[in-house]
Amino acid sequence: MNGLHRIVLGLARIMALLGGVVLTLLVLITCISILGRVANTALHSGLMMSVAPGLATWLIDIGVGAIRGSYELVEAGMAFCIFAFLPFCHVTMGHASVDIFTNALPRGVNRFLEFLIATLFAVALVTIAIQLNEGMLRKFSSGQTSLLLEFPIWWAFAASLVGAALAAVTSVYVAVMRLYEFLSGRMIAPNAVGADH
């Protein structure tokens with residue numbers, strides 16, 4: 001089962017890295033859009049129009065301003081990022097936890113609680129993936145597009161579904177792993193990988 005754990009962890013890590021790349025692009029899009037909006041406002045100012053009206057008009061005409069549809073891109077991209085980070089967070093047990101009460105419990109009880117929590121996560125993430133798939137199919141059949149960029153809405157759903165499906169598979173794997181650990185008393189994966197892994 002350790003080989004399977006390495007495979008699941010590797011897939012989750014790749015998905016998280018992809019989410020990180022997309023998140024970095026979204027930050028750049030947002031920054032460029034804000035700077036463009038500020039520049040556009042400055043170009044429309046009375047000072048700029050009186051000092052260099054030709055330059056200001058030319059820059060406005062070539063499109064200096066906010067990135068068209070940046071909000072739509074960020075909205076779709078953030079949905080993908082959230083689901084891209086979930087598998088890695090789940091397989092490394094990176095979710096926030098408060099264990100003040102459970103630290104005093106016997107190890108066997110804690111292993112049962114870990115299994116129970118992992119099972120509840122699996123139910124939730126599988127349900128989310130199923131609902132996201134149904135939503136994607138509805139958006140696909142309706143032909144709905146975004147307002148400004150007019151890209152099909154189902155694209156964002158499909159991209160998010162990739163991460164959600166991997167999160168669902170990961171959560172089922174973690175639940176089975178925690179059940180095995182509870183029944184066998186053997187540890188397959190630590191409760192948290194930590195920031196250095």
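**View 1. The Ser 146 side chain meets the backbone of Glu 150.** In this predicted model, a polar atom of the Ser 146 side chain sits 3.0 Å from the backbone nitrogen of Glu 150. Ser 146 belongs to the loop that runs between α5 (107–142) and α6 (153–184), and Glu 150 lies in the loop between α5 and α6 too. Ser 146 counts as buried because its relative accessibility is 7%, under the 20% cut-off. Setting aside its neighbours within four places in sequence, Ser 146 is in contact with Glu 72, Phe 151 and Ile 153.

**View 2. Glu 150 has a positive phi.** Now look at Glu 150 itself: its phi is near 55°, a positive value in a residue that isn't glycine. With 56% relative accessibility, Glu 150 counts as exposed, since the cut-off for that label is over 50%.

**View 3. Met 93 is not a glycine but has a positive phi.** Here phi of Met 93 comes out at about 55°. You'll find Met 93 in the loop between α4 (70–91) and α5.

View 4. Six side chains to pick out here are Phe 112, Leu 116, Leu 120, Leu 179, Phe 182 and Leu 183, which make a nonpolar surface patch of about 550 Å². Take Leu 183, one of the patch residues: it's part of helix α6, and it counts as exposed because its relative accessibility is 65%.

Notes:
Residues numbered from 1 in each chain as written. Predicted model: local features only at pLDDT ≥ 70, side-chain atom pairs only at ≥ 80, totals over all residues. Heavy atoms only, no water. Helix = DSSP H or I, 4+ residues; strand = E, 2+ residues; numbered from the N terminus. Buried < 20%, exposed > 50% of the residue type's maximum accessible area, 1.4 Å probe, protein only. Polar contact = N/O pair within 3.5 Å; in protein donor to acceptor, adjacent residues only side chain to side chain. Contact = heavy atoms within 4.5 Å. Patch = residues over 30% accessible without salt bridge, like charges linked within 9 Å, V, L, I, M, F, W, Y side chains within 5 Å. Areas by Shrake-Rupley, 256 points an atom, 1.4 Å probe, with all protein chains shown as cover. Salt bridge = Lys/Arg side-chain N within 4 Å of Asp/Glu carboxyl O.
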